[in-house]
Amino acid sequence: MDANLTLLVNGKQHTLRVDPATPLLYVLRNDLALNGPKFGCGLQQCGACMVLLNDIAWPSCQLPVHQVTGGVAITTLEGLTKPDGTLHPVQAAFVQEQAAQCGYCLNGMVISAVSLLKQYPKPDEAAIRNGLFRVLCRCSVQARAIRAVQRAAGV
Amino acid sequence: MPHFTPSTSRRNFLKGAGCLTIGFVLFGVGAAAAETPKGPELPGSLQDNPRINAWLEVLADGRVRVLTGKIEIGQGIRTAVAQIAAEELDMPLERVEVVLAETNRTPDERYTAGSASIEQSAMSVRYAAAAARQKLLILAAAQFKAMPSQLELRNGSVRTTDGRQLGFAQLLGGQQLQDEVRLPIRLKPKADYRYVGRSIPRDDIERMVRAEEYYVQDLRFPGMVHARILRPPTYEAKLESFDSKALKKAVPGVLQVVVDGSFVGLLAEREYDAKLAQDFGRLHARWSGGRALPAGQPLADHLRQLPAIDKRTTDKGNFNGAPTTPTLRASYFKPYLMHGSIGPSCAVALFEQNTLHVWTHSQGVYPLRDALAKLLKINPENVHVKGVPGSGCYGHNGADDVAADAALLARAVPGRHVRVQWSREDEHAWEPYGSAMLLDLEAHLDPKTGRVTHWKHELWSDTHSSRPGGSPEKLLAAQYLAQPLLPKPEDDVSGGIYRNSEPYYDFPAVRVDTHYVQGPLRVSALRSLGAFGNVFALESFMEELAVKAGQDPYAFRLRHLKDERAKAVLRKVQDMVQNQKLASREGLGVAFARYKNQAAYCAVVAKVTVAPEADGSTIRVAKMWAAIDAGEVINPDGLKNQTEGGLIQAASWTLNEEVYFNAYQVTTRQWEQYPIYRFDEVPLVEVAVLDRPTEPPLGAGEAAQGPAAAAIANAVFHACGKRIRQLPIRPEKLLA
């Protein structure tokens with residue numbers, strides 16, 4: 001049964017009429033027309049759908065949207081960019097390292113890295129691998145992604 | 001000045017203008033610095049589409065639009081062709097835009113496959129742009145009453161030495177360059193290059209990190225309907241019953257259920273409802289039958305006993321008098337592998353006014369158009385297929401199939417866009433896999449010279465390419481309609497099977513016997529096709545021979561190579577690892593191949609650690625090095641990126657991956673059952689590019705796959721003394 005839910009996405013409140021059981025991913029992509037989080041597996045296994053929930057990276061593909069109302073700060077890839085268009089340092093680092101091929105998994109890697117650096121501003125390589133562990137990349141740019149996170153962290 | 005807008009398509013341009021054959025004669029033959037084509041031929045794609053404006057349009061504001069029949073699949077083709085066009089036309093890179101594959105818009109370049117984007121498309125753009133440059137100079141010379149040699153191209157204009165200038169669009173008077181590109185053509189001297197050969201960053205990566213609309217998955221149209229497909233539980237299962245009324249009661253948001261035989265489409269206004277409908281259908285639809293799969297015996301044994309079409313694909317030298325007992329004999333195996341795109345296949349289709357529009361990440365828009373036209377029994381002119389990037393595919397995945405799904409459903413709701421999104425399980429269970437292969441090798445080594453005298457390679461494999469190529473029966477949905485279209489097996493051995501089975505080494509006598517069998521699973525092209533299995537076997541076997549002969553692995557390979565460029569990549573990679581220190585249970589392994597024996601040269605070294613753990617050993621690839629020679633390099637970082645990715649992906653194939661099935665169905669249906677590399681497993685990688693600016697560019701995107709597998713297998717051997725010949729190299733096999 002549909003209900004009115006209020007979400008805080010990228011700093012803005014959105015009141016939407018949706019089935020509360022709908023996974024957050026579908027609401028972000030289809031109701032809010034955001035491209036950042038991607039559908040990859042719907043099983044929380046690949047990380048393509050990562051978003052930040054109060055700065056913690058979390059897969060959005062199985063998370064019922066009603067669980068993230070009430071002021072949970074949801075940040076998507078779009079929300080990392082400053083209003084003036086300036087890229088977040090992690091976004092910029094992925095561009096500088098050209099750490100993408102098809103780029104489909106970039107969302108998960110960037111979101112995970114932002115979350116990691118919030119908790120551990122100077123991660124070593126093992127911590128970076130651990131921080132991005134949930135994200136699968138089939139083009140296999142992981143070595144570049146590790147360099148990009150190191151660049152963003154200045155380590 | 002004639003007015004036209006950038007959106008004006010080339011078919012609207014005035015005909016006439018008097019096609020001028022552009023020839024060397026107009027400039028005299030004296031241009032010593034100019035590059036002229038080495039061979040007598042233009043790139044193949046250009047021969048098929050010879051007019052300049054098939055490849056290049058001049059826009060009203062002086063920008064240039066380049067048209068390529070290839071699609072961006074993460075290989076960076078958009079940037080590479082822009083670099084090439086900007087180079088030949090001496091204009092800023094940012095004033096060149098690139099249009100990717102679209103029917104009736106871009107040249108028909110068939111498939112974006114075989115590592116051929118640079119060799120075919122980018123080289124066609126180079127010649128077309130060079131021809132455009134010549135024509136623009138001629139037109140300007142007439143306008144300015146000057147010699148072409150007194151003119152230069154700059155920033156979308158032609159200018160004289162005394163400062164007069166005219167933009168490209170002004171020179172053309174609103175027309176396009178309809179001349180055919182003919183040899184000989186004066187190319188820009190490579191010494192003057194500003195863009196080509198430099199690591200120009202891809203501009204689309206910034207678009208990706210900004211989450212701009214980029215992928216086919218991102219397309220949103222007003223009134224768009226979301227759809228999922230209810231696929232059978234296994235190959236050839238038939239739908240017995242599906243209660244659409246019960247579904248609509250359970251999921252009221254379902255808009256329509258399309259049932260045609262055993263093809264079931266579930267449409268809803270909201271995507272989540274389509275997903276719920278698919279979940280419901282998986283639980284409640286009743287199916288019968290299904291093709292039995294050969295579980296319960298080793299797949300290698302099964303392949304060997306299947307009826308086969310046999311072909312001696314290499315027969316070189318003399319086997320009369322060959323020793324009856326070879327020095328060494330070994331059998332290798334490669335399982336079915338998945339493409340494993342991170343984004344499951346997706347397409348949007350609209351059927352409107354008797355025309356079908358399809359947005360797809362297919363690798364071949366024109367062949368897909370022809371296949372869809374036949375599937376829907378409509379005229380190909382009434383099918384418009386636009387390529388939009390998707391998740392990386394690494395070959396023929398579900399992209400064409402989902403486009404067919406969307407086309408069939410769009411016909412059921414005319415006037416509305418239908419977006420079909422495959423689920424993870426759809427992709428894992430139904431994508432056409434890379435074929436399993438069985439490979440028997442034997443060789444004789446002359447004990448006096450230490451050289452290979454006789455080499456035999458015998459392989460069993462299903463095909464490595466079942467792309468639709470205009471044939472609707474190769475589209476998955478077509479096989480399950482009430483009136484199914486069923487693919488006929490090929491009646492000949494296709495080249496992908498025995499790709500790289502013939503050694504690049506200089507052996508006096510070589511035989512390759514290829515047995516084309518029809519294996520149990522649906523298969524098609526996966527990055528490097530048969531080369532992965534063939535090179536894994538060939539280069540593992542070379543190492544076994546070197547060990548047997550007590551020879552150094554590099555020296556053994558080098559002494560059997562004639563081609564200096566092949567030797568150079570081997571020496572380079574040896575150089576890259578010369579300071580590596582090895583601890584106990586660590587090993588280095590090397591392997592080499594020239595992809596297709598005519599594309600890029602690649603030598604790989606892997607460093608492997610085999611660590612004993614309480615519950616068994618672990619095998620970890622710590623680092624991989626590659627040296628690659630792809631001839632003239634358009635974008636060195638792009639080539640490195642492709643090669644790095646190839647190494648890591650191939651390491652995952654080699655250590656982790658195998659498609660499993662039981663007697664009824666494929667059982668690897670999600671990532672947990674098909675565990676591709678994660679961040680904790682990936683090796684660090686280092687790639688050296690041997691640039692050969694005066695050589696033609698060579699396809700490189702698949703060059704690392706085979707050597708990477710063999711390098712790892714060889715490193716495992718050197719780390720622990722155990723030779724694993726059956727992929728994947730799982731730790732438990734070390735105990736066997």
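**Figure 1. Contact between chain A and chain B.** In this predicted model, 50 residues of chain A are in contact with 45 residues of chain B. On the side of chain A that touches chain B, at least two residues each come from α1 (24–31), α2 (77–80), α3 (89–96), α4 (106–119), α5 (125–131) and α6 (142–153) of chain A. Sorted by class, this side of chain A comprises 27 nonpolar, 17 polar and 6 charged residues.

**Figure 2. An open sheet of chain B.** The view shows 3 strands of chain B, which form an open sheet with mixed pairing in the order β1-β2-β3. The edge strands, β1 (56–58) and β3 (96–99) of chain B, each pair on one side only. From one strand to the next, the twist averages 25 degrees.

**Figure 3. Pairing of β1 and β2 in chain B.** Strand β1(B) runs antiparallel to β2 (residues 64–67) of chain B, and 3 bridges join the two. Val58(B) has Val64(B), in β2(B), as its bridge partner. In general, strands of a sheet pair through backbone hydrogen bonds, either parallel or antiparallel.

**Figure 4. Helix α2 of chain B and the sheet.** Helix α2 (residues 77–88) of chain B lies across β1, β2 and β3 of chain B. The direction of this helix is at about 135 degrees to β3(B).

**Figure 5. The surroundings of Lys377(B).** Lys377(B) is located in the loop between α9 (365–376) and β16 (383–387) of chain B. Lys377(B) counts as exposed because it has 7 C-beta neighbours inside 10 Å, the cut-off for an exposed residue being 12 or fewer. His339(B) is 38 residues from Lys377(B) along the chain, and the C-alpha atoms of the two residues are separated by 31 Å.

Definitions and conventions:
Residues are numbered from 1 along each chain as its sequence is written. Chains are lettered from A and ligands numbered from 1 in the order in which they are written. This is a predicted model: local features need pLDDT of at least 70, side-chain atom pairs count only at pLDDT 80 or more; totals for chains, interfaces and linings use all residues. Two residues are in contact if their C-beta atoms, placed from the backbone, lie within 7 Å. Helices (H or I, at least four residues) and strands (E, at least two) are DSSP runs, numbered from the N terminus. Ala, Val, Leu, Ile, Met, Phe, Trp, Tyr, Cys and Pro count as nonpolar, Asp, Glu, Lys and Arg as charged, and the others, Gly among them, as polar. A residue is buried if 20 or more other C-beta atoms lie within 10 Å of its own, exposed if 12 or fewer, and partly exposed in between; C-beta atoms are placed from the backbone. Two strands pair if DSSP finds at least two bridges between them. Axes are lines fitted to C-alpha atoms, for helices over the stretch in contact, and angles run from 0 to 180 degrees between N-to-C directions.
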